[in-house]
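Welcome, and take a moment to look at the model below.

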Amino acid sequence: MPKTLVFYVQDGFADWEAAYILPLLRERGIGVRVVSENGASVTSAGGLGVVAQTRLRNVYPADIDGLILPGGDFWMDDSANQPVLAFAQDLLAQGKMVAAICAATVALGRQGLLDQRRHTSNDLGVLKQEAPAYRGESLYVQSLAVTDGNLITASGIGALEFAREIADYLKLGSESYRKQWYELFKHGVAPPADFWTQS
């Protein structure tokens, strides 16, 4: 069955952190529902107006396959983000994908959602400082992006690696296609002629 993901946005979300994965999802036939806390349209950190399709409380875990959480300063407000963090916790418990990048990883750390899984963030020291309840230091990986089970985390400077981890998790195209896609955007390696027509 076709998959459906939620892309969660709030004012000031880091639009560049999803710039690689969103077009790839669309190309590969994955449905993406843009959701904000209250259903209102938002403005990204880069000034892009984004129309939310619905509010978070109208989305049920049974109806989707995963959640993408871009970074942004709005993650520093724990009380305002409690609904989406509880939603992420429910999805993880049900075995569904949660992919978080940059400040979103800090918010997950505050919730204790990084304590039992390999993960990364922008910096371990910053994560420990900004998330005092965090206890996952032994599982921290110094990498641009990490997947452990159904949890994907990434540094804010790892947008392409974040996209690659999501693509690998969802098996978007063949393994060869995904490798060629990454090499194209990471290193400028031209793919073979049939790349654009691969299923």
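Which residues line the largest cavity? They are Leu24, Arg164, Ala167, Asp168, Tyr177, Arg178 and Trp181. Two elements each give two or more residues to this lining: helix H5 (159–170) and helix H6 (175–187). By type, the lining residues divide into four nonpolar, no polar and three charged; here Ala, Val, Leu, Ile, Met, Phe, Trp, Tyr, Cys and Pro count as nonpolar, Asp, Glu, Lys and Arg as charged, and the others, Gly among them, as polar.

This is a predicted model, in which local features need pLDDT of at least 70 and side-chain atom pairs pLDDT 80 or more, while totals for chains, interfaces and linings use all residues. Residues are numbered from 1 along each chain as its sequence is written, and side-chain values use heavy atoms, leaving out hydrogens and water.

A cavity is a set of points on a 1 Å grid over the protein atoms alone where a 1.4 Å probe fits but cannot get out, and its lining residues have an atom within 4 Å of a point. The volume, about 30 Å³ for the largest cavity, is the space filled by probe spheres set on the points, which are joined across faces, edges and corners.

Now turn to strand E6 (residues 66–69), which is covered on both faces. Gly66 and Ile68 on one side, and Leu67 and Leu69 on the other, are all buried, meaning under 20% relative accessible area with a 1.4 Å probe and protein chains only. Helices (H or I, at least four residues) and strands (E, at least two) are DSSP runs, numbered from the N terminus.

Strand E1 (residues 4–8) pairs with E6 in the parallel sense over three bridges; pairing needs at least two DSSP bridges. Four bridges join E6 to the parallel strand E7 (residues 97–101), where Ala99 is the bridge partner of Ile68.

Note on methods: On a 1 Å grid over the protein atoms alone, a cavity is a set of points where a 1.4 Å probe fits but cannot get out, and a pocket is an open set with protein on both sides within 12 Å along at least five of seven lines; lining residues have an atom within 4 Å of a point. Buried means under 20% relative accessible area, exposed over 50%, partly exposed in between (1.4 Å probe, protein chains only).
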